[in-house]
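Good morning. Please have the sequence and the model open, and follow along as I go through a few parts.

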Amino acid sequence: MSEPAAPLTAEVRARVLTLASGALGRMGDEAVPRTLRPFARFTPGKRARAAAGALAAALEDDPEFRERVAVTVRDDPLSRSVEAGVLPPAADPVHAAALAYLLRPVGWVELIEQARDVAGTRARSAAVEDAGRQVNLLTERLAGLQAEMREQGRRARAEVARSAADGEALRRELREQVKKCRQAVEDSLRATAEVAAQRQRFATAQSRLEADLRRVRLQLAGASAAAESARRGAREGRAGDDARLWLLLDTLVNAAQGLRRELALSPTRERPADLVVAATGAEGDLPGYPPQVDQLLALPHVHLIIDGYNVTKAGYGDLPLEAQRTRLVSRLGALAAQTGAEVTVAFDGAERLPVAPASPRGVRVLFSQIGETADELIGRLVGAEPPGRVLAVVSSDREVADAARRAGAYAVASPALLGHLERS
């Protein structure tokens, strides 16, 4: 038998080795060539890779081994056509060439050549089809690119038109701005001239005022001399008035002392608000001071009545209620110690503690009774004071402030007291 005119293609050689590897696994040990026995127990896939060279050499140099492999492939339906020297049109040319190499029928070299030609023809047809598909894809892509270029051209023309319109608008605006700038320059020049005129008028007016001032000073000096002369006369006349006023005050003091003895009044440390304390039965903490806090605290025997939670929620609303009371009362204690004022702070009885906390000296802390609000407690405190005493009610509640004013007390907003406490 003659050898193939050309070496096997890579695909045909790989198919031959795969068939031989499968056949090798089904042979007995005595039928396996010595060079292939180390690979006999490998899996077919591993055997085809690891023993490729040895298998190819055995198939080429050992006709008996090739014949044993050929026996295993004669059950293949295509093997009959190959042995008959006919290659079916639909047959796999690679598989047909591999069977022809193993079976070695008459004309097997031509079969391998024919299978190679068929494979080449099919590859070329596939390449032509693939090229046709590529041409179609490129044609479609070219059409898309042309459409996109047309669209971009349309957009570019529209953008140029818009840019031209915007440029015209900008030119009009520039002309308008230039006109405004010229007007502004003219206005500035007129304003400069007006300022110079005003300065001239001001200098003239200043000269007149200085002359008037000199005349007024001369008149004031004369008036001061006349006033001094009048004061000397008034001091001489006031000496007699002072003697008569002293005598009148001395008479009033003696009358008041006689009235105190007649009424048998004894000194007391109690205050009217203490009576409200007794009726309420609880003491605690105080908040709040007004805008004119300094002036009020300077008045004698002033009584400061504070709407407790109204003040604390305005200043320390983010703290728990107990912390609000403690902070306010401690600051009011310092205020009472500095000023000597009487301080009373009223809280709603809903937050009444089981045991009233100790309050600083000079600070009276009250909780309203059950069913009574702190506003009503403040009203009772104001009503308990005698007419004429200086009272200041600290609250930002409009109803409480209005009621305090109607009762003759000063109404002070809570932020005013908080501000005073912060500055103290």
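Which residues of helix 1 are buried? The answer is Val12, Val16, Leu17, Leu19, Ala20, Ser21, Gly22, Ala23 and Leu24. Please keep in mind that this is a predicted model.

What do those buried residues pack against? They pack against helix 2, residues 44–50, and helix 3, residues 52–61. Helix 4, residues 63–73, and helix 6, residues 93–103, are their other partners.

Now the whole chain. The protein chain has 14 helices and five strands. Of its 424 residues, 30% are buried. Take the contacts with a separation of 6 or more: 66% of them are between residues 24 or more positions apart. The chain exposes about 26,900 Å², and carbon and sulfur atoms supply 58% of that.

In what order do the five strands lie? The order is 3-2-1-4-5, in an open sheet with parallel pairing. At the edges are strand 3, residues 363–367, and strand 5, residues 410–412, each of which pairs on one side only. From one strand to the next, the twist averages 20 degrees.

Helix 10, residues 308–316, lies across strand 1, strand 2 and strand 4, at about 65 degrees to strand 1. Helix 12, residues 374–384, touches strand 1, strand 2, strand 3 and strand 4 as it packs on the sheet. The direction of helix 12 makes about 170 degrees with that of strand 1.

Is Val382 buried or exposed? Its relative accessibility is 9%, and the cut-off for buried is under 20%, so Val382 counts as buried. Leaving aside neighbours within four places in sequence, Val382 is in contact with Ile305, Leu391, Val393 and Ala407. Val382 and Gly408 are 26 residues apart in sequence, and their C-alpha atoms are 8.9 Å apart in space.

Note on methods:
Residues are numbered from 1 along each chain as its sequence is written. This is a predicted model: local features need pLDDT of at least 70, side-chain atom pairs count only at pLDDT 80 or more; totals for chains, interfaces and linings use all residues. Side-chain values use heavy atoms; hydrogens and water are left out. Two strands pair if DSSP finds at least two bridges between them. Helices (H or I, at least four residues) and strands (E, at least two) are DSSP runs, numbered from the N terminus. Axes are lines fitted to C-alpha atoms, for helices over the stretch in contact, and angles run from 0 to 180 degrees between N-to-C directions. Contact means heavy atoms within 4.5 Å. Buried means under 20% relative accessible area, exposed over 50%, partly exposed in between (1.4 Å probe, protein chains only). Accessible areas come from the Shrake-Rupley method with a 1.4 Å probe; for residues, only the protein chains shown count as cover.
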